[in-house]
Amino acid sequence: QLQLVESGGGLVQPGGSLRLSCAVSGFGLDYYTIGWFRQAPGKEREGISYIKVSGGSTNYTDSVKGRFTISRDNAKNTVYLQMNSLKPDDTAIYYCAASPYNSDLDLRWYDYWGQGTQVTVFS
């Protein structure tokens, strides 16, 4: 099985930046896609970005385009989410997840999930 551990969350003022990390570990299982998701209080979990592990292609949901950047370091088995120009509406628990498929942001494709890291954007 794969294990994913998020880090880098915290409290930041509007307009500020954070970089989240997702460390992936495991043996014997391949995965194609790492996605970032978030869940705000009272809302459903939302896919915000993914990256393909092999080729590095990326995708973003409209609400974060131009502000968030996903990247990966395959040698370190780590995926990053650079978040700039943060807004109060970005406040949520952020999760990374791994899919063995060539997946989009539908969370049904993701079989392995981290525990989440809290991001709070507040003045």
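Start with the aromatic rings: a search of the whole structure finds five aromatic pairs. Rings of Phe, Tyr and Trp (its six-membered ring) pair if their centres lie within 6.5 Å, with planes under 30 degrees apart called stacked, over 60 edge-to-face and the rest tilted.

Select Phe37 and Tyr110. Their ring centres are 4.9 Å apart and their planes stand at 75°, so this pair is edge-to-face. Phe37 belongs to strand 4 and Tyr110 to the loop between strand 9 and strand 10 (112–113), so the pair ties together parts 73 residues apart in sequence. Strands here are DSSP runs of E, at least two residues long, numbered from the N terminus.

Tyr110 counts as buried at 4% relative accessibility, while Trp113 is partly exposed at 26%. Buried means under 20% relative accessible area, exposed over 50%, and partly exposed in between (1.4 Å probe, protein chains only). Bring in Tyr95 as well, and you have one aromatic cluster of Phe37, Tyr95, Tyr110 and Trp113.

A word on what you are viewing. This is a predicted model, in which local features need pLDDT of at least 70 and side-chain atom pairs count only at pLDDT 80 or more, while totals for chains, interfaces and linings use all residues. Residues are numbered from 1 along each chain as its sequence is written, and side-chain values use heavy atoms, leaving out hydrogens and water.

Next, select Thr33, in strand 4. Is Thr33 buried or exposed? Thr33 is buried, with a relative accessible area of 0%. Its side chain makes a polar contact with the side chain of Lys52, at 3.0 Å. (Such a contact is a pair of N or O atoms within 3.5 Å; within protein, one must be able to donate a hydrogen and the other to accept it, and residues adjacent in sequence count only if both atoms are side-chain atoms.) Lys52 also lies over the face of Tyr50, 4.5 Å from the ring centre. For a charge to sit over a ring, NZ of Lys or CZ of Arg must be within 6 Å of the ring centre and within 35 degrees of the ring normal.

Finish at strand 11. Thr117, Val119 and Val121 make up its covered face, and Gln118 and Thr120 the uncovered one. Strand 2 (residues 10–12) runs parallel to strand 11, joined by three bridges, and Gly10 has Val119 as its bridge partner.

Technical notes: Helices (H or I, at least four residues) and strands (E, at least two) are DSSP runs, numbered from the N terminus. Two strands pair if DSSP finds at least two bridges between them.
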